[in-house]
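Biologist: I am new to this structure. Could you walk me through how to read it?
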Amino acid sequence: MECAKCGANMTTAQFCTGGIGSPPYLMRKRKGAFESEHRCGIDCYVCLVCGNVEFRAQDLKKLMLD
């Protein structure tokens with residue numbers, strides 16, 4: 001993946017949340033206590049030249065609220 005800031009090649013990196021055994025994720029849900037959560041994993045990329053970091057949703061369809 002090419003860095004949007006400097007054009008160098010970006011490399012994958014792990015984005016850690018501090019939770020043991022729990023990878024980071026995106027979440028959406030409708031208002032209401034009993035509505036289900038829609039979750040999607042995150043891919044992380046970092047530029048080793050300028051330090052730019054980018055996150056990409058792994059599967060956008062999982063975030064759709066029907």
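Biologist: What is the mean pLDDT of the chain?

Modeller: pLDDT is the predictor's confidence in each residue, from 0 to 100. Here the chain has a mean pLDDT of 86, and 97% of its residues reach 70 or more. This is a predicted model, where local features need pLDDT of at least 70, side-chain atom pairs count only at pLDDT 80 or more, and totals for chains, interfaces and linings use all residues. Residues are numbered from 1 along each chain as its sequence is written, and side-chain values use heavy atoms, with hydrogens and water left out.

Biologist: Which element has the lowest mean pLDDT?

Modeller: Where pLDDT is low, the predicted coordinates should not be read in detail. Among the elements of the chain, strand β2 (residues 25-28) has the lowest mean, 78, while β1 has the highest, 94.

Biologist: How many helices and strands does the chain have?

Modeller: Helices (H or I, at least four residues) and strands (E, at least two) are DSSP runs, numbered from the N terminus. This chain has four strands and zero helices. Its radius of gyration, taken over C-alpha atoms, is 15 Å, well over the 11 Å that the globule rule gives for 66 residues, so the chain is more spread out than a compact globule. That rule is 2.2 Å times the number of residues to the power 0.38.

Biologist: Why does L60 count as exposed?

Modeller: Buried means under 20% relative accessible area, exposed over 50%, and partly exposed in between (1.4 Å probe, protein chains only). L60 counts as exposed because its relative accessibility is 55%. Its place is in the segment after β4 (53-57). Across the chain, buried residues make up 23% of the 66 residues.

Biologist: What is the volume of the largest pocket?

Modeller: On a 1 Å grid over the protein atoms alone, a pocket is an open set of points where a 1.4 Å probe fits, with protein on both sides within 12 Å along at least five of seven lines; lining residues have an atom within 4 Å of a point. Grid points are joined across faces, edges and corners, and a volume is the space filled by probe spheres set on the points. The largest pocket has a volume of about 210 Å³. Of its 15 lining residues, Q14, F15, C16, P23 and P24 are the closest to its centre.

Biologist: Which element gives the largest share of that lining?

Modeller: The largest share, four residues, comes from β3.
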